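Have a look at the picture, then read through the points below.

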Amino acid sequence: MTSAEELWNRVLEMLKNDLTTTALETWFTDCKALDVSDNTLIISCPAEFKKNVIESRFMPLIKAALREIFSGDFNFQILCGDAAAKFQPSVMGEDSSLYDSFTFSRFVVGNSNRMAHSAAIAVSEGLTTEYNPLFIYGNSGLGKTHLLHAIRLRVRERHPDYNIVYVKGDDFTNELIYAIQTGKNFEFREKYRGADLFLMDDIQFIAGKIQTQEEFFHTFNTLFEYKHQIVFTSDRPPSEISKLESRLRSRFESGLIVDISPPDYETRMAIIKNKATQIGLDFDSSIADHIAQNITANVRQLEGAVKKIKAYHELMNEPITIAMAEKILDSFYQDSSEAPTPAMIIEETAKYYNLTTDDLKGKSHAKNYVLARHISMFIIRQLTNLSLAEIGDIFGGKDHTTVLNAIRKIENQTKTDMDMANTVRDITSNINSKN
């Protein structure tokens, strides 16, 4: 995902606090992120009248969301028609400046993340050469990306001349494909192998991609040979990333592997109060306690709850009380634990097998198509409340017996075939990380 897409998705998530689902779907569903540069987020809109409505009705909310993300003013531009069609993004890949607020001083330290935090500081200040690579793993929303960018910012502060390269695992693959298509393999290798500090977020996404792993293997070796610091994040340890080449796994395990666990109650309370202070919000401990008791596993959701209280307080001019917090956060807690949708499950399964969603729902009897189709049926049955008949309807009207046989086949394989068990777990983890 490019930086513009991620930023736009974050804005849309924040707009959910202020707009109805109908409003979001009506005005924003077909808007696409184009670029983010020069303190401006640029999106495309399919029709002039939609552009006018967004600018007249929703611009203040969008600007407020951007201000919250960047802790300062950030511009917003909408293009449509020929202007959108002819627009060329300024750069390819991730704009790491989006994360300049992810400093060590803003990272709340607790028992669940203390070792990861200490290791991150050690490598950022050059206190050790033994933690190379540094591998930080844990579930989504616990602060892995925050630590990655805190390292980047500290190193940039201490060594402004360093070439610091940050990339996400799936973006590394996309850039490699682009380099091959355009004949820019040399430039691609020069960019990554010339890094003084190399940071990769969500490295699990390179697993299973043969050419990507081959290219990454040589990149890693070059950086390691020159003793340039390498830092990875992942949702699981190297030993549990299926389809990761053994030569890469052994290199990852040669450094320091640290995990981040869900925060304990005291850390959750500290995170809530810290976020409230950052955005200029003042409420008593009973409200912080209410949030901490209801959100137990995700730092991002803790911060989102605080933001929602602030938005409601400012927009509705209502005092912040425990009754108000309980009222507005009730639906937030339900949304936070909402089950993945069948469409999301199919999309992630298709992506895992390098297929399209149409491939998965189609009628092809090719072996990998059938396997991916059966796995997606199995996971849908595991993660949703759909009946066998409803699952069959999603896959072109297959009868419930066909669906049941597919589910049982995968279920039996996961009990006897470790590769199949790992595959199902990896896809499920990818699905849950999106939620």
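**Notes on the model**

1. Let's start with F28, which touches W8, L12, L15, L19, A23, I54, F58 and I62, leaving aside residues up to four places away in sequence. Touching, or contact, means heavy atoms within 4.5 Å.

2. A word on the source: this is a predicted model, where local features need pLDDT of at least 70 and side-chain atom pairs count only at pLDDT 80 or more, while totals for chains, interfaces and linings use all residues. Residues are numbered from 1 along each chain as its sequence is written, and side-chain values use heavy atoms, with hydrogens and water left out.

3. F28 is also, with W8 and L41, among the residues with the most contacts inside the largest nonpolar core, which has 31 residues. Such a core is a set of buried Ala, Val, Leu, Ile, Met, Phe, Trp, Tyr and Cys residues joined through side-chain atoms within 4.5 Å. Buried means under 20% relative accessible area, exposed over 50%, and partly exposed in between (1.4 Å probe, protein chains only). The elements giving two or more residues to this core are α1 (3-15), α2 (21-28), β1 (32-37), β2 (40-44), α3 (48-70) and β3 (75-79). The largest share, nine residues, comes from α3. Helices (H or I, at least four residues) and strands (E, at least two) are DSSP runs, numbered from the N terminus.

4. Apart from that core lies another, of 25 residues, including M344, I345, A350 and I375.

5. Next, the sheet: an open one of five strands, in the order β5-β6-β7-β4-β8, with parallel pairing. Two strands pair if DSSP finds at least two bridges between them. β5 and β8 (256-259) are at the edges with a single partner strand each, so one side of each has no neighbour in the sheet.

6. How many residues of strand β6 (residues 197-201) are buried? Five of the five, so β6 is largely enclosed by the rest of the structure. L197, L199 and D201 point one way from β6, and F198 and M200 the other way.

7. β6 pairs in the parallel sense with β5 (residues 164-168) over five bridges, and with β7 (residues 229-234) over four. K168 stands opposite D201, and F198 opposite I230.

8. Finally, K275 sits in helix α11 (residues 265-278). Buried or exposed? K275 counts as buried, because its relative accessibility is 10%. K275 touches E68, E303, V306 and K307, again not counting residues up to four places away in sequence.
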